[in-house]
Amino acid sequence: MMIMENKEINFVGMSINGFVVLPVFFVLLAISICLFVMGIDTSVALSVTGSVLFVLDLILLAGFVQIEPNEARVMMFFGKYKGTFKKVGFHWVNPFITTKKLSLRARNLNAEPIKVNDKVGNPVMIGLVLVWRLRDTYKAIFEIDSQTMANGMQGEALKNVNSIMRAFENFVMIQSEAALRQVAGQYAYDSNEVDKDEITLRDGDESVNKELETKLAERLQMAGIEVIEARINYLAYAPEIAAVMLRRQQADAVIMAREKIVEGAVSMVKMAVDRLSSDQVVNLDDDKKAAMVSNLMVVLCSDDTVHPVVNTGN
């Protein structure tokens with residue numbers, strides 16, 4: 001699988017344990033409320049001081065971040081990328097830093113089968129199952145338009161991690177369909193219309209899946225997405241030709257079975273003739289040998305039960 005260049009960097013800015021700063025927040029909140037209430041009847045200055053402390057307390061509150069395992073926060077200071085914060089726990093950072101929360105957990109995509117044309121032009125239905133996850137948070141946020149991926153979703157909604165990840169799922173689905181069409185067009189459905197040694201969609205298995213993973217990795221690396229596994233999980237002829245192709249497969253199976261029956265019948269007839277001659281059971285001229293061979297071939301190759309006629313004459 002293709003190795004993607006990782007453009008993200010670890011966040012090295014100031015971060016403090018959130019449980020250390022949390023008491024400071026509550027103390028400032030209590031002081032600001034007390035000063036504001038006391039200043040209502042006594043001094044305007046106290047009320048103003050309480051209001052200022054309250055605003056500062058709200059700014060302090062904006063610095064709290066919580067990170068769960070396999071989650072990350074993209075840190076930006078007035079539009080400048082400052083790194084990706086992945087340290088699990090409850091932290092306090094610069095409240096003027098904007099953060100975007102992303103999930104690094106593995107996700108599944110079970111794509112609905114789509115109609116494509118194989119190498120020889122036959123329409124087939126093909127589907128895939130894909131396991132993927134975000135690897136490069138820098139590319140994920142800054143090198144693709146997540147709002148466009150979300151099909152017009154409002155910018156405020158994209159601050160929610162679930163909404164952002166749904167946007168990536170939409171991007172992965174579109175690119176997966178494109179890669180699937182590309183790979184399916186390189187192989188025939190089966191070996192009926194190509195050389196027997198040529199890899200086909202039905203018999204290729206690991207080779208086709210490996211090619212699919214490579215194409216997906218090439219398409220998804222621009223979004224910082226890693227392909228863990230990709231496999232074709234559905235393959236069939238399109239409905240409009242399925243019945244015809246089924247009859248062709250049945251005909252091929254009948255021909256192969258007939259070839260096997262004839263091959264066995266010829267071997268058995270040869271053995272019978274040779275054994276009769278070697279053991280001197282009966283002396284047969286060419287005409288009688290031809291008649292016996294004909295009768296044995298009919299008996300051995302017939303689909304129906306044969307009822308032999310016993311000659312009791314001389």
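**Helix packing and cores in a predicted model**

Colleague: At what angle do helix H1 and helix H2 pack, and how far apart are their axes?

Modeller: In this predicted model, helix H1 (residues 18–41) packs with helix H2 (residues 44–61) at an angle of about 155°, and their axes are 7 Å apart.

Colleague: Roughly parallel or antiparallel, then?

Modeller: Angles over 145 degrees count as roughly antiparallel, and H1 and H2 are therefore roughly antiparallel to each other; their crossing is left-handed.

Colleague: Which residues make the contact?

Modeller: On the H1 side they include Val21, Phe25, Leu28, Leu35 and Phe36, while H2 contributes, among others, Leu46, Leu53, Phe54, Asp57 and Leu61. By class, the contact of H1 with H2 has 16 nonpolar, six polar and one charged residues.

Colleague: Switching topic, which residues touch the most other members in the largest nonpolar core?

Modeller: That core has 41 residues, and those touching the most other members are Leu130, Trp132, Leu134, Phe168 and Ile225. Among the elements that each supply at least two of its residues are strand E9 (123–134), helix H5 (161–184), helix H7 (206–220) and strand E10 (225–237).

Colleague: Which element gives the most?

Modeller: H5 does, with ten residues. There is also a second, separate core of seven residues, which includes Phe11, Val65, Met75 and Phe85.

Colleague: And the chain overall, how many helices and strands?

Modeller: The protein chain has nine helices and ten strands, and buried residues make up 34% of its 314 residues. Of the contacts with a separation of 6 or more, 69% are between residues 24 or more positions apart.

Note on methods:
Residues are numbered from 1 along each chain as its sequence is written. This is a predicted model: local features need pLDDT of at least 70, side-chain atom pairs count only at pLDDT 80 or more; totals for chains, interfaces and linings use all residues. Side-chain values use heavy atoms; hydrogens and water are left out. A nonpolar core is a set of buried Ala, Val, Leu, Ile, Met, Phe, Trp, Tyr and Cys residues joined through side-chain atoms within 4.5 Å. Buried means under 20% relative accessible area, exposed over 50%, partly exposed in between (1.4 Å probe, protein chains only). Helices (H or I, at least four residues) and strands (E, at least two) are DSSP runs, numbered from the N terminus. Axes are lines fitted to C-alpha atoms, for helices over the stretch in contact, and angles run from 0 to 180 degrees between N-to-C directions. Angles under 35 degrees count as roughly parallel, over 145 as roughly antiparallel, 65 to 115 as roughly perpendicular and the rest as oblique. A crossing is left-handed if the near helix is turned anticlockwise from the far one by less than a right angle, and right-handed if clockwise. Contact means heavy atoms within 4.5 Å. Ala, Val, Leu, Ile, Met, Phe, Trp, Tyr, Cys and Pro count as nonpolar, Asp, Glu, Lys and Arg as charged, and the others, Gly among them, as polar.
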